[in-house]
Amino acid sequence: MLAYTLNFLDRQILGILAGPIKADLGLTDSQLGLMGGLAFALFYTALGVPVAWLADRWSRTWIMTGALALWSGFTALCGLATGFWTLFLARMGVGVGEAGGVAPAYSLISDYFPKSQRARALAAYSFGIPIGSAFGILFGGLIAHAIDWRAAFVIVGLAGIALAPIFRLVVKEPRRGAFDEAPPAPAETPAGSVGPLLRKPSFWLISLGAAASSVCGYGIAFWLPSFFERSLGMSLVDRSLFLGAITLVGGLLGVWAGGWLGDRLGARRPAAYLLVPAAAFIVALPCFFLAVQTQSLALAFFLFLIPQGLNLAWLGPVLTAVQHLAPAAQRSVASACFLFVNNLIGLGLGTWYFGAVSDALTPRFGLESLRYAIYSGLGFYLVSALLFVIGARRLSRDWVA
């Protein structure tokens, strides 16, 4: 969870630093969106599957240790950027490292806990998302205010490099499939085989449903600091504290609630692993709309708190469902295939989409263009909910005990 915290801290810190970087390097919203999404997603998604293939055959903890050191080093290098392309390339390096950080972890956790506890275990691991995002917003903003934006990248990057050897010493490699009811023979389920997984309709419905929600989730998370600056007139320090608190409190509550509901309802009916997040997205949509519309900071805090939690409630249930679409010997690759679809579309498109729409609407709406860009993207939650509902009807047929 601590490694995942640094994963998201390094991934999301660019959002709070977008204003100072844009002013210093003379960038547009579209360029910032590309660096927050496509630059990271290109190698993160492309390398995720081969790295996971290796993780199904070799030490997952060693792979995660090297990945942690690599992405942290490239995060530090972001502080040395002199323009669009040097920062773009450094962000690509962060994506290269983070390709080895998540899929092996999903597989590890599935071997640490029995299936009745996996949604909660994966939810606890996913606490790294709101904690890392909140700390990225908080520390990035405070360090940039006290020193500059370059120092923020260097400091958080060096923290990850320092953690890497500690991670290797502490995290142990469990036996694969230790808690499965009937571990399959290796000859029957060769490690890294993805053909059976890709032929399951529920895999594609889950992956595309998660990707649709991630377009909105990643995009809004990246652009909210700029929205608070432009539409609500908040300073760098104020918006770091404001959004950091929303992300931490709402995210932790939402992630845990989703995992708890997934384990409680999914034990009786596997479809619940998808119906829980579908319901969360339906409720999150109007909450986000009202939150973006208000001019009151006090009201905005509570209105953003609700959808921030609902936006992350899918993690425990959906990640558990993905783990049950493949046997133990294939879980790293199954996770990587899911992450490939989710992040290539969600992360690669999300931050760019909102930035591009904001640029297109600037001649008409000026500083308010981001508000209307966010409105336009909320429909992705409806798409996600629909795909999850359809996937829930197929899930039991594709389930692996």
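Start with Leu 208. Leu 208 is partly exposed, at a relative accessible area of 34%. Partly exposed means between the two cut-offs: buried is under 20% relative accessible area and exposed is over 50%, with a 1.4 Å probe and protein chains only. Leu 208 sits in helix α12. Helices here are DSSP runs of H or I, at least four residues long, numbered from the N terminus.

A word on the source. This is a predicted model, where local features need pLDDT of at least 70, side-chain atom pairs count only at pLDDT 80 or more, and totals for chains, interfaces and linings use all residues. Residues are numbered from 1 along each chain as its sequence is written, and side-chain values use heavy atoms, leaving out hydrogens and water.

Back to the surface. Leu 208 belongs to a nonpolar patch with Leu 198, Trp 204, Phe 340, Leu 344, Ile 345, Leu 349 and Trp 352. Together they have about 610 Å² of accessible area, by the Shrake-Rupley method with a 1.4 Å probe, with only the protein chains shown counting as cover. Patch residues have over 30% relative accessible area and no salt bridge; nonpolar side chains (Val, Leu, Ile, Met, Phe, Trp, Tyr) are joined within 5 Å, like charges within 9 Å. A salt bridge is a side-chain nitrogen of Lys or Arg within 4 Å of a carboxyl oxygen of Asp or Glu. Which helix gives the most to the patch? α17 does, with five residues.

Now inside. Arg 60 lies in helix α5, residues 60-78. Arg 60 is buried, at 0% relative accessible area. Its side chain makes polar contacts with two others: Ser 107 at 2.7 Å, and Glu 173 at 2.6 Å. A polar contact is a pair of N or O atoms within 3.5 Å; within protein, one must be able to donate a hydrogen and the other to accept it, and residues adjacent in sequence count only if both atoms are side-chain atoms.

Beyond four places in sequence, Ser 72 touches Asp 10, Gly 157, Gly 160 and Ile 161, where contact means heavy atoms within 4.5 Å.

Last stop, α2, residues 18-25. Its buried residues are Ala 18, Ile 21 and Leu 25. Just after α2, Gly 26 takes a positive phi of about 65°.

Technical notes. Helix = DSSP H or I, 4+ residues; strand = E, 2+ residues; numbered from the N terminus.
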